[in-house]
Amino acid sequence: MTQRFYFLAASQVTTNLGFVLYTMALTSYINQNTGSTALASMITMTSLLARLLSGLSVPLLADTYKSIHIMRAVQVIQIGMLAGLYMLLTQEFTVTVLAMCFVIVGIISFFNGFFTIFKTSVVRSLVSDSQRMQANSLLSTIDQTFLFAGWSLGGFVLSLTGFTYSLCITAGLLLFSFVCCL
């Protein structure tokens with residue numbers, strides 16, 4: 001497998017770790033400010049619905065743009081949205097701030113769904129047909145391993161750094177992911 005394939009794998013790892021960390025930070029923030037576990041859990045539901053919508057809209061872009069260009073644009077948008085979320089969390093908590101949190105989560109998740117889908121098509125151009133099964137298997141294993149690690153260690157990182165610094169770490173992870181896709 002090529003060096004570019006391993007850069008793609010590193011990009012996936014850092015994107016997933018960032019996604020987990022920001023989800024945990026925002027869920028904790030909402031739970032702490034509202035006292036509602038049900039409302040905090042809606043972060044995950046919003047994310048799931050947005051990713052579902054992104055999967056349905058992929059065919060609209062797939063034939064028009066190159067996968068790698070879409071992946072790069074998606075990462076830039078996600079970093080921008082995280083910056084907006086960071087600024088939002090430094091404001092006094094209001095219903096408007098809460099609503100905007102859900103909107104931003106929806107946007108980030110929508111574009112994260114694109115990254116996941118287009119990554120598969122990029123693999124085709126990075127590895128030979130004979131190695132494709134092995135490459136996809138490796139990416140899947142890496143994906144699940146680091147998602148597990150992220151959910152396991154994310155709470156620890158969040159307790160050490162707090163909401164806003166966790167978002168900064170997430171932005172750094174996504175920036176690293178973007179660099180890996182260049």
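This is a predicted model: local features need pLDDT of at least 70, side-chain atom pairs count only at pLDDT 80 or more; totals for chains, interfaces and linings use all residues.
Okay, let's start with α1 and α4. Helix α1 covers residues 3-34 and helix α4 covers residues 95-126. Their axes come within 11 Å and cross at roughly 165°. So that makes α1 roughly antiparallel to α4, since anything over 145 degrees counts that way. If you look at the hand of it, the crossing of α1 and α4 is left-handed. And what sits in that contact? The contact of α1 with α4 has 17 nonpolar residues, five polar and two charged.

Now the other partner, α5, which is residues 132-180. The axes of α1 and α5 come within 5 Å, and the crossing is roughly 40°. The contact of α1 with α5 brings in 30 nonpolar residues, 15 polar ones and one charged.

While we're on α1, a quick word on rings. There are five aromatic pairs in the structure. One of them is Phe19 with Tyr22, and this pair is edge-to-face, with 5.5 Å centre to centre and 70° between the planes. Both of these residues belong to helix α1, three residues apart, so about one turn of the helix. Hold on to those two names, they come back in a minute.

Rolling a probe the size of a water molecule over the atoms shows where empty space is left. How many cavities of 30 Å³ or more do we get? The count is two.

The largest cavity holds about 60 Å³ of space. Its lining is made of Arg4, Phe7, Leu8, Ile68, Val122, Leu126, Cys180, Cys181 and Leu182. Two elements give two or more residues to that lining, α1 and α4. Helix α1 has the largest share, with three residues. By class, the lining of the largest cavity is eight nonpolar residues, no polar ones and one charged.

The second largest cavity has a volume of about 40 Å³. Here are Phe19 and Tyr22 again, in a lining that also includes Thr15, Gly18, Gln78, Leu82, Ile108, Asn112, Thr170 and Leu174. Which of them gives the largest share of the lining of the second largest cavity? Again it's α1, with four residues. The classes in this lining come to five nonpolar, five polar and no charged residues.

Last stop, the open space. The largest pocket has about 290 Å³ in it. It's lined by 16 residues, and the ones nearest its centre are Asn16, Arg51, Thr116, Asp143 and Leu147. The elements that supply two or more lining residues to the largest pocket are α1, α4 and α5. In this lining the largest share goes to α5, with six residues. By class, the pocket lining has seven nonpolar, six polar and three charged residues.

So, to wrap up, two things to look for on the screen.

Technical notes:
Residues are numbered from 1 along each chain as its sequence is written. Side-chain values use heavy atoms; hydrogens and water are left out. Axes are lines fitted to C-alpha atoms, for helices over the stretch in contact, and angles run from 0 to 180 degrees between N-to-C directions. Angles under 35 degrees count as roughly parallel, over 145 as roughly antiparallel, 65 to 115 as roughly perpendicular and the rest as oblique. A crossing is left-handed if the near helix is turned anticlockwise from the far one by less than a right angle, and right-handed if clockwise. Ala, Val, Leu, Ile, Met, Phe, Trp, Tyr, Cys and Pro count as nonpolar, Asp, Glu, Lys and Arg as charged, and the others, Gly among them, as polar. On a 1 Å grid over the protein atoms alone, a cavity is a set of points where a 1.4 Å probe fits but cannot get out, and a pocket is an open set with protein on both sides within 12 Å along at least five of seven lines; lining residues have an atom within 4 Å of a point. Grid points are joined across faces, edges and corners, and a volume is the space filled by probe spheres set on the points. Rings of Phe, Tyr and Trp (its six-membered ring) pair if their centres lie within 6.5 Å; planes under 30 degrees apart count as stacked, over 60 as edge-to-face and the rest as tilted.
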